[in-house]
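Look at the sequence and the model first, then read on.

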Amino acid sequence: MSIKVLVVDDEQSILTLLQYILEQAGFEVITAMDGEAGFNAAMSEQPDIMVLDLMLPKMDGIEVCKKLRQHKISTPILMLTAKDDEFDKVLGLELGADDYMTKPFSPREVVARVKAILRRTNLQVEKVSEDDSEQIVIGHIKILPDRYEAYSSDERLELTPKEFELLLYLARNKGRVLTRDLLLSAVWNYDFAGDTRIVDVHISHLREKMENNSKKPVYIKTIRGLGYKLEERKVNE
């Protein structure tokens with residue numbers, strides 16, 4: 001199966017470079033040079049993954065990402081930016097981006113990041129779970145690792161790939177206290193220079209989607225000074 005990558009960047013030289021290195025790696029590549037065209041291509045072409053520049057004409061990368069998630073499009077997104085700006089990085093991840101790179105970048109690293117994201121999505125889900133029939137049930141929450149799906153009281157949760165991976169890791173370590181640094185290492189797979197805000201943002205999103213009251217969570221508990229743990233919900237709760 002050919003894996004389709006949508007690359008959106010307004011610099012022709014970078015667009016050409018990314019198209020070349022990704023095609024050399026065996027991907028089918030489609031391109032766009034502004035945010036509006038990128039959004040339309042994402043909606044019509046249904047790419048398997050996007051490489052999305054932050055600073056774009058007509059619609060910036062943050063807005064593209066936000067609109068796609070509003071339309072329930074969960075295509076994984078690798079965000080690119082010339083800014084090494086913590087606010088931009090966290091904001092992009094808050095809005096549903098799956099990974100983040102700053103320019104200038106190594107072509108080999110782009111390919112590696114794209115492949116890493118794909119390994120963590122349902123395109124290669126057999127690597128996520130050795131048992132295709134595996135189900136994890138915790139209270140009213142049901143997780144199907146082989147299908148990259150999660151349900152609350154039989155209602156499907158609309159999770160981004162990274163939110164799903166975080167929930168799955170918490171569930172497979174139910175009852176254990178997991179530090180933010182451990183979650184960064186286990187779920188994001190590379191060093192975010194200790195920026196644990198990324199973990200907090202994704203935990204907040206998970207709570208909003210799976211808890212009846214995100215301010216008083218019964219599943220994902222904060223362990224002050226340490227991190228988080230996923231607890232079994234009591235029957236009477």
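**Helices α6 and α7**

- In this predicted model, helix α6 (residues 161-172) and α7 pack at an angle of about 120°, with their axes 10 Å apart.
- α6 and α7 are therefore oblique to each other. Angles under 35 degrees count as roughly parallel, over 145 as roughly antiparallel, 65 to 115 as roughly perpendicular, and the rest as oblique.
- Their crossing is right-handed. A crossing is right-handed if the near helix is turned clockwise from the far one by less than a right angle, and left-handed if anticlockwise.
- From α6, the contact (heavy atoms within 4.5 Å) uses Lys162, Glu165, Leu166, Tyr169 and Leu170. From α7 come Leu182, Leu183, Ala186, Val187 and Trp188.
- By class, this α6 and α7 contact has eight nonpolar, no polar and two charged residues. Ala, Val, Leu, Ile, Met, Phe, Trp, Tyr, Cys and Pro count as nonpolar, Asp, Glu, Lys and Arg as charged, and the others, Gly among them, as polar.

**How the terms are set**

- Residues are numbered from 1 along each chain as its sequence is written, and side-chain values use heavy atoms, without hydrogens and water. The model is predicted, so local features need pLDDT of at least 70, side-chain atom pairs count only at pLDDT 80 or more, and totals for chains, interfaces and linings use all residues.
- Helices are DSSP runs (H or I, at least four residues), numbered from the N terminus. Axes are lines fitted to C-alpha atoms over the stretch in contact, and angles run from 0 to 180 degrees between N-to-C directions.

**Helices α7 and α8**

- Helix α7 (residues 180-188) packs with helix α8 (residues 197-210) at about 80°, and their axes are 9 Å apart.
- α7 and α8 are therefore roughly perpendicular.
- Arg180, Leu183, Leu184 and Trp188 of α7 touch Ile198, Val199, Asp200 and His202 of α8.

**Helices α2 and α3**

- The axes of α2 (residues 35-45) and α3 (residues 61-70) come within 9 Å and cross at roughly 25°. That makes α2 roughly parallel to α3.
- The α2 and α3 crossing is right-handed.
- Gly35, Phe39, Ala42 and Met43 of α2 meet Val64, Lys67 and Leu68 of α3.

**Charges over rings**

- The charged end of Lys67 sits over the ring of Phe39, 4.4 Å from its centre. This term needs NZ of Lys or CZ of Arg within 6 Å of the ring centre and within 35 degrees of the ring normal.
- Lys142 lies over the face of Tyr151, at 5.7 Å from the ring centre.

Definitions and conventions: Helices (H or I, at least four residues) and strands (E, at least two) are DSSP runs, numbered from the N terminus.
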